[in-house]
Amino acid sequence: MKSVIIAITGASGVNLGLKLINETKKYAKIHAVISHAAKKTLLLEEGIEISKFEDKGVKFYDDDDTGAAIASGSFKIDAMIVAPCSINTLAKIHAGFADTLITRAAAVSLKERRRLVLAVREMPFSTISLEHMSKLSLCGAVIAPPILGYYAGVKTLKDMENFIIGKWLDLLDIENEIYKRWN
């Protein structure tokens, strides 16, 4: 079974990150980190207050715990995704700041040449953010914003979310059938 880190930061769309956890746990062992800003955003966008989100089958870590196992290169994982990835987190990862567990785990993923997917959630992108994404892509990160594919025949918000989550699962090399693929 694959082992995946799912990090959720404070960009709009935090609920999509929670749905990603729920879908991914069917196929992989999940190590999850929800930033303090993500918890605030979830309260503002969804009215959900999470002091410590817990879910069976998912190991949660505190974003302040930079000494957690997932912050070490000797801790084996198959991939990491930051979804949604805030512009602040993108900038920190690009600059090499490792001041939170999320940014430390991302730095480790890059140095160990492990799959790192950044679901950057912003529109429009500034030139600075585009430069950060370009340089991180050159370092091996995969930039995968939550963008809709119209060929999937989406008709509802759930269809849109399933398309995006399915594409992210593809990038994590996790088999799934939650969205309509191109024929």
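In the predicted model, Thr89, Lys92 and Ile93 of helix 3 meet Ile102, Thr103, Ala106 and Leu110 of helix 4, contact meaning heavy atoms within 4.5 Å. By class, this contact of helix 3 with helix 4 comprises four nonpolar, two polar and one charged residues (Ala, Val, Leu, Ile, Met, Phe, Trp, Tyr, Cys and Pro count as nonpolar, Asp, Glu, Lys and Arg as charged, and the others, Gly among them, as polar). Helices (H or I, at least four residues) and strands (E, at least two) are DSSP runs numbered from the N terminus. Local features require pLDDT of at least 70 and side-chain atom pairs pLDDT 80 or more, whereas totals for chains, interfaces and linings use all residues. Residues are numbered from 1 along each chain as its sequence is written, and side-chain values use heavy atoms, with hydrogens and water left out.

Helix 3 (residues 87-95) packs against helix 4 at an angle of about 45 degrees, the axes lying 9 Å apart (lines fitted to C-alpha atoms over the stretch in contact, with angles from 0 to 180 degrees between N-to-C directions). The two helices, helix 3 and helix 4, are therefore oblique to each other (under 35 degrees counts as roughly parallel, over 145 as roughly antiparallel, 65 to 115 as roughly perpendicular and the rest as oblique). Of the eleven residues of helix 4 (residues 101-111), eight are buried, that is, under 20% relative accessible area with a 1.4 Å probe and protein chains only. Among them are Leu101, Ala105, Val108 and Ser109. Arginine 113, which follows helix 4, has a positive phi near 60 degrees.

Helix 1 is also mostly covered, with nine of its eleven residues buried. The cover of these buried residues includes strand 1, strand 2, helix 2, strand 3, strand 4 and helix 6. The axes of helix 1 and helix 2 come within 8 Å and cross at roughly 105 degrees, which makes helix 1 roughly perpendicular to helix 2. Val14, Asn15 and Leu18 of helix 1 form this contact with Ala38, Thr41, Leu42, Glu45 and Glu46 of helix 2.

Conventions. Buried means under 20% relative accessible area, exposed over 50%, partly exposed in between (1.4 Å probe, protein chains only).
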